[in-house]
Amino acid sequence: MKRYVKSAILLSALFVPSGVASAQSQKIGAPPEASNMQLVGYSDLQARSAYQPTIHHQGDRFIAYIGHHGGTEEIPNPVNPITGKAEPSGTSIVDVTDPENPKYLRHLPGQEGKYEGGGAQMVRVCDGKQLPKGDPNAVYMLRTFGGEAHEIWNVADPANPVLITRIGGLKDTHKNWWECDTGIAYLVSGLPDWRTRRMTQIYDLSDPAHPVKIRDFGLPGQEPGATGPVPTEVHGPISAGPQGNRVYFGYGTDKGGFLQIVDREKLLNGAKEPTPDNLRYPEISRLAMSAFNGAHTTFPMLKMPIAEFAHDKEPNRDIVMIVDEEIVNECAEPRQMVWFADVTVESRPMMISSYTAKESSGSFCERGGRFGAHSSNESMAPVFYKKMAFISYFNAGVRAIDVRDPYHPVEVGYFIPAITAATDKRCVKIDGKDRCKVAIQTNNVETDERGYIYIVDRANTGLHILELTGEARKIAGLP
């Protein structure tokens, strides 16, 4: 890993004490605010609102595939400088092999529409040589196409993607999971005959050119023909694969949510007809959350050795980190946070701790936009897994958390990017009139196996590539 940083980047990444600049509104040209993290590289992503970054080690290169929301009222279709044309936001493909000099390769347009009504916000990537029936020379990118479809592209040449497959006829999509070693994909979708905006379609995508549907899955009461109240919608799953034989589903963004623990083998091989009994069959248990909160990301950290329990009968624990998403601007709703659940006894999962960035450390409720958690990194590469977690926190940037003792998680660093002239405003109604402020809105975060951290901004500010410094770097065991 390169240990030098170009002077322009270094200057912009100087540490700013939280009691000085962080208590004020952000200003264009001001440096970022940071502790134990520093800026390595940057791409403006053509000033498009970004959701999911996925970093793929592709041959001798590292490629970032970044899903975008739709455009804004002011700029519904931003201009792509490569083509000179206005294009609906879709997927940015960026070469980050040299993280100090990211190279924008291609913008692949998505669905026409504004905000979450358009774009191509979700993206996953698998090598064809890893998929059981894939073309070994292909690299496959699975993305959503607005709310209407899932698409698979061959991105072996990331600057020239080729469409392979389209699964359409949907009314919504969101945060998918794809097992590269088996090809099983859990596609968050909305089917016209289901009673919920989002449920899960499970496909065998081991041969991406020939998708095979396995089943539809959701909660009893959401299925076609059901009556009565409709249970809260799914946000996204994360699978532990055939070895772990579990899938962890998060339901109920922002309110009335829960973690659902599902037996993967029963889910894939049980009766497929979406009857209430068949939908209940794979479920092992649920962990209900407050009416105030939900589950955006459910990240498993299984068989974690707990140093405090080293001499106990059960020194290892199965942990699921639950992150919820703040929705409303300027703290006009209950705080959305991070929770840690001990699921070692699966029939009785329990919350053991929580984490939130401290509002008082930066007067974040006054800055504008959202303040609260959104998502975590999802890479299970050894460099950070079960040691560090990175939580996107909207106007509080990204927070680095020491999770080695999940009973006592500790913040050990943060990075709040500077705004730019492209950063979009966020408004609230005051006496019937819009009051608008401009603040960073760090949306999602991912890491790579080299130890770099990638954050993208919901308010059009772009991609920031970061690295740990100081004590946080020591915790991760990085040189």
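Reply: The protein chain has 5 helices and 34 strands, with helices (H or I, at least four residues) and strands (E, at least two) taken as DSSP runs numbered from the N terminus. This is a predicted model: local features need pLDDT of at least 70, side-chain atom pairs count only at pLDDT 80 or more, and totals for chains, interfaces and linings use all residues. Residues are numbered from 1 along each chain as its sequence is written, and side-chain values use heavy atoms, without hydrogens and water.

First, the setting. Buried residues (under 20% relative accessible area, 1.4 Å probe, protein chains only) make up 61% of the 479 residues in the protein chain. The C-alpha atoms fill a box of roughly 60 × 60 × 55 Å along the principal axes. Contact means heavy atoms within 4.5 Å. Of the contacts with a separation of 6 or more, 59% join residues 24 or more positions apart.

Now the core. A nonpolar core is a set of buried Ala, Val, Leu, Ile, Met, Phe, Trp, Tyr and Cys residues joined through side-chain atoms within 4.5 Å. The largest one has 62 residues, and M321 and Y393 touch the most other members. Strand β24 (residues 316–323) gives this core its largest share, 5 residues.

Take Y393. Leaving aside neighbours within four places in sequence, Y393 is in contact with Q336, M337, Y355, T356, A357, R370, F371, G372, A373, R399 and T442.

A second, separate core has 21 residues, including M37, M388, A400 and I455.

How values were computed. Buried means under 20% relative accessible area, exposed over 50%, partly exposed in between (1.4 Å probe, protein chains only).
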